[in-house]
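The structure itself is shown first.

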Amino acid sequence: MIESVEFKNYKALQDTKLPLSPFTLIIGPNGSGKTTALKAIELAAKTASMKYSRVVSFGHEKDIEGVKVKINWAKTSQTEVVWKDDSQPSAFFPSDNDFPESISEKIKKQFYEKELSKLSQMQIFSFNSSSISYPVQLSPNSRLSLTGGNLVGVLDQLRDKEPEKFELLNQEVNRLLPEYDRILFDTPNTGQRSFLLRTTRGKHKVQAEDLSTGTLFALAILTLAYIPNHPPLICIEEPDHGIHPRLLRDLQDALYRLSYPESVGEKRDPIQIICTTHSPYFLDLFRDHPEEVVIASKKDGFVTFERLSERFDIEDILQESPLSDVWYSGVLGGVPIK
Amino acid sequence: MKVALLSESEVDEAFTRIIVSAILGEEIEKVEYPLRFRGWYGVLQLIPTVIKSLYYQTDAEAFAIVVDSDETLIHNPSHEQTIDSNCRLCQIKKIISETQNSLKLIPNRQQIKTAVGLAVPAIEAWYQCGIDAQASEAAWLVASKERRYSHIKQKLKKDVYKVDRASIPLMTKYAVEAANRLATDLSDIEKLFPDGFGSFAQDIRDWKDS
């Protein structure tokens, strides 16, 4: 798990640290660096080259330190990725970690390279209803695309390879969206697959393209919670988008299923989740877990991140008002400044 | 009897439905839409709208609401005369009374009967009645002076649900189990939570007499 990520000279993230938990919800005004931070983590994980002049913070082009993303893994170890120009960055693995002294530097380096390689599979989802409903050509080892595309391929695979989980998913779909009781499949053209939802009353089949945007988004997120083999980090931009406020608690459950598998009796590695939101309704669900909320603020082009639980007065503040109202008032920061 | 329940979640509604039916001695019939509030802060603004809608737009005969006391005052029968502004039960009853008095008379439409419950400090304490000796209004009075509320609330939830982040199905399972257990004999919960639950039960029993 990643405990925090430090950024230096990366666009608006000139010198800041993003604290993370197994599940993290980032709130803040538009353009406050939420998505930039996620993209920076992805670039660092992939140790990908990039057009240096496009990512280095304005006025810091000549900074000797270059652009730096430092990943602080749990248990005190770190990985530092540094870009100095357009070429591939250097990755450093400082030696102050938890390995016994007998383990050689080479083995430690291999371990962290492997961790970084796993992290490079991270996904940043931003769902789009057209992508989710679009029929696909079936292929083995289907993966959900970053806009939710290929959902049908993933569902088809889940049904064939993990039928028990597919049944649980069907039950969950019915619980959240009682209008529907089952996910069905269709073959619109040779080799193609599309999905449908069957209505509980009348058993009518509704084509994916005829489902509402919110229904498609909810289905995509529920599916994420049930499919196996996730990367260690998943980011979702505004998972509440299009979803009725009363269903947001169920959405939170679905995401917690990934990051706290033990809470639903699953024995597997937790998946770290980072979400962004502008929804006061969604934010209110985290009142009892302020350590999971991070507030992004931007002042004079300078981004900062603050974990809500790190405010010494948070318990007193929340006795008086709902979290969403406190956020909206501006006393927590993370609001547009005009 | 057709009863509208205003609750914070489907979990609380599942619990309250069983308990209200048990107190009433008959299975309640539900109004068309489940009514929800989002935390304590919106309740007082919401109640007049809910009462008016139930009275003018539905055939609901009764209305029940249960809220958590959190750190606020435990209700006391002496409040009936003074209405303590730090007692949530008193505040809700005051709003209900003001709203009921403002309704226009409609021929053949009876005033909606109401019941207000105050779970001290949270509804999970009611679930623990008979299981945990610390689950009572008296025990909470002592405990609240010693520790921070949020820690007590977290511990209570953990004791009930066994995990830090319980899902809605899991919470509903425990809520329904607790409600069914308590419904077989309400005397313990009325004795241990006399002011928040006992007065709620009395309100409901009074429905039959009015």
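Helices (H or I, at least four residues) and strands (E, at least two) are DSSP runs, numbered from the N terminus.

Leaving aside neighbours within four places in sequence, A:Leu318 is in contact with A:Arg287, A:Leu323 and A:Val326; contact requires that the C-beta atoms of two residues, placed from the backbone, lie within 7 Å. A:Leu318 and A:Asp288 are 30 residues apart in sequence, and their C-alpha atoms are 9.8 Å apart in space.

## Basis of the model

This is a predicted model, in which local features need pLDDT of at least 70 and side-chain atom pairs count only at pLDDT 80 or more, while totals for chains, interfaces and linings use all residues. Residues are numbered from 1 along each chain as its sequence is written, and chains are lettered from A and ligands numbered from 1 in the order in which they are written.

## The contact between the chains

Chain A and chain B each bring 13 residues to their contact. On the side of chain A that touches chain B, helix H8 (248–259) and helix H10 (314–320) of chain A each supply at least two residues. The largest share of that side, 4 residues, comes from H8(A).

By class, the side of chain A that touches chain B has 4 nonpolar, 3 polar and 6 charged residues. Here Ala, Val, Leu, Ile, Met, Phe, Trp, Tyr, Cys and Pro count as nonpolar, Asp, Glu, Lys and Arg as charged, and the others, Gly among them, as polar.

## Domains of chain A

Chain A is assigned domain 1 (1–122 + 231–338) and domain 2 (129–230), with bounds from an automatic or database domain assignment. The C-alpha centres of the two domains of chain A lie 29 Å apart.

In chain A, 14 residues of domain 1 are in contact with 9 residues of domain 2. H8(A) gives the most to the domain 1 side of this contact, with 5 residues. The residues on that side divide into 9 nonpolar, 3 polar and 2 charged.

## Nonpolar cores

A nonpolar core is a set of buried Ala, Val, Leu, Ile, Met, Phe, Trp, Tyr and Cys residues joined through C-beta atoms within 7 Å. The largest has 83 residues, of which A:Ala40, A:Val69, A:Ala220 and A:Leu222 touch the most other members. Helix H7 (residues 213–226) of chain A gives the most to this core, with 10 residues. Domain 1 and domain 2 of chain A both give residues to the core, so it lies between them.

Not counting residues up to four places away in sequence, A:Val69 touches A:Val5, A:Phe7, A:Tyr10, A:Ala40, A:Ile41, A:Ala44 and A:Val81. A second, separate core of 58 residues includes B:Cys129, B:Val160, B:Ile189 and B:Phe197.

## A six-stranded sheet

In chain A, 6 strands form an open sheet in the order S7-S12-S13-S3-S14-S15, with mixed pairing; two strands pair if DSSP finds at least two bridges between them. Strand S7 (123–125) and strand S15 (302–307) of chain A stand at the edges with a single partner strand each, so one side of each is left without a neighbour in the sheet. Neighbouring strands of this sheet are turned by 20° against each other on average, direction ignored.

Strand S3 (residues 23–27) and strand S14 (residues 293–299) of chain A run parallel and are joined by 3 bridges. A:Ile26 has A:Val294 as its bridge partner in S14(A). H8(A) packs on the sheet, touching S3, strand S12 (233–237) and strand S13 (272–277) of chain A, and its direction makes about 150° with that of S13(A). Axes are lines fitted to C-alpha atoms, for helices over the stretch in contact, and angles run from 0 to 180 degrees between N-to-C directions.

## Backbone features

Most residues other than glycine have a negative phi, and most peptide bonds are trans. A:Asp300, in the loop between S14 and S15 of chain A, has a positive phi near 50°. A:Asp300 is exposed, with 5 other C-beta atoms within 10 Å.

B:Asn108 lies in the loop between helix H4 (88–102) and S5 of chain B and has a positive phi near 65°. With 4 C-beta neighbours inside 10 Å, B:Asn108 counts as exposed. A cis peptide bond, with omega about -5°, joins B:Val120 and B:Pro121. B:Pro121 is in the loop between strand S5 (113–119) and helix H5 (123–127) of chain B.

Note on methods: Buried ≥ 20, exposed ≤ 12 C-beta atoms within 10 Å, placed from the backbone.
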